[in-house]
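Dear colleague,

I would be grateful if you would read the account with the model open.

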Amino acid sequence: MLVLLPPSEGKTVPDGGAPVDPASLGLPSLTAQRERVLDALVAASARADAIDVLGVTPGLAAEVARNVDLRSAPAGPASSVYTGVLYEAAGFGRLTAAQTRRAATSVLTVSALWGAVSPVDRIPAYRLSMGTTLPGVGALATAWRPHLTAALDERASGDVVVDCRSASYAAAWRPAARTEWLAVKVLREVDGKRSVVSHNAKHTRGVLTGHLLRRRTAPTTARGVVAAAQELVGTTLATAVGTGLPSNLLEVSLHPRPARGPRTLELVVS
């Protein structure tokens, strides 16, 4: 399996550690593009209008300023730099050694700066979103697409892609038509009515990711992913935001693949 995650908006600054070495990251074919985007981000972050260029609010000015020193900043495992609801729910820090090895080969975070990194790749905290048009590089999803296609099409061939990305990051790479591709959608059911959720959706995708990493075997087909997800039906996933009530997984279903795009793996929570 190949699980695709979005990065978290907030990042945890590593407490010490050697700086990032782009050439040491996984998917080495991305190194040249990583260097190009890194140089462009450092230059853009040093500009007087950096906040406007990067499309962030004034409250994030300190994070933008930190980008200027990315080449010398301390780096740590991506699974600890990326924080937030999804990553906490996945519990990367609580995996066994064997499960961590599975995560290293089966999980990728699609990144505006690095293209894609595994949980064990060492990176610094940074501020850059995939929706940015970066001077000298252009629209990042478009700039990364050919590089990610070359790097990931072969990796995903013959496997199943479990896609937990948000739309802007999904735009950077679409698996080939021959690949089994599942987009994870989360609905909340209240009084018989179902609606799309956001915060609890991130948590549910994280729980699913952690479950896929912890089970005895990793699924390699869409049918296997559905069976794995169904193992969570009836379990309490979290406390629902806004109600304080337990959120339970009620139902798992797999929708047919449309003419274009992924099949939908639908998870319904209470």
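**Cavities**

The model is a predicted one, in which local features need pLDDT of at least 70 and side-chain atom pairs count only at pLDDT 80 or more, while totals for chains, interfaces and linings use all residues. Residues are numbered from 1 along each chain as its sequence is written, and side-chain values use heavy atoms, with hydrogens and water left out.

On a 1 Å grid over the protein atoms alone, a cavity is a set of points where a 1.4 Å probe fits but cannot get out, and a pocket is an open set with protein on both sides within 12 Å along at least five of seven lines; a lining residue has an atom within 4 Å of a point. Grid points are joined across faces, edges and corners, and a volume is the space filled by probe spheres set on the points.

The whole structure contains two cavities of 30 Å³ or more. Pro7, Ser8, Glu9, Lys11, Arg127, Leu128, Ser129 and Tyr169 form the lining of the largest cavity. By class, that lining has three nonpolar, two polar and three charged residues (Ala, Val, Leu, Ile, Met, Phe, Trp, Tyr, Cys and Pro count as nonpolar, Asp, Glu, Lys and Arg as charged, and the others, Gly among them, as polar).

The second largest cavity has a volume of about 30 Å³ and is lined by Thr204, Val207, Leu208, Leu232, Leu237, Leu249 and Leu267. Six of these lining residues are nonpolar, one is polar and none is charged. Helix 9 gives the most to this lining, with three residues; helices (H or I, at least four residues) and strands (E, at least two) are DSSP runs, numbered from the N terminus.

The largest pocket holds about 340 Å³ of space. Of its 17 lining residues, Pro6, Pro7, Leu86, Ser166 and Lys202 lie nearest the centre. Helix 5 (85-90) and helix 9 (199-214) are the elements that give two or more residues to this lining, and helix 5 gives the most, with three. The lining of the largest pocket comprises seven nonpolar, six polar and four charged residues.

The second largest pocket has a volume of about 260 Å³. It is lined by 16 residues, of which Asp163, Arg165, Ala167, Ala170 and Ala183 lie nearest its centre. Two or more lining residues come from each of helix 8 (167-170) and strand 9 (180-190); strand 9 gives the most, with four. Eight residues of this lining are nonpolar, two are polar and six are charged.

**Helix packing**

Helix 9 also packs with helix 6 (residues 97-106), at an angle of about 115° and with the axes 9 Å apart. Axes are lines fitted to C-alpha atoms, for helices over the stretch in contact, and angles run from 0 to 180 degrees between N-to-C directions. Gln99, Arg102 and Ala103 of helix 6 meet Leu212, Leu213 and Arg214 of helix 9, where contact means heavy atoms within 4.5 Å.

**Aromatic pairs**

Four aromatic pairs are found in the whole structure. Rings of Phe, Tyr and Trp (its six-membered ring) pair if their centres lie within 6.5 Å; planes under 30 degrees apart count as stacked, over 60 as edge-to-face and the rest as tilted. One of the pairs, Tyr82 with Tyr126, is edge-to-face, at 6.3 Å centre to centre and 85° between the planes.

Yours sincerely
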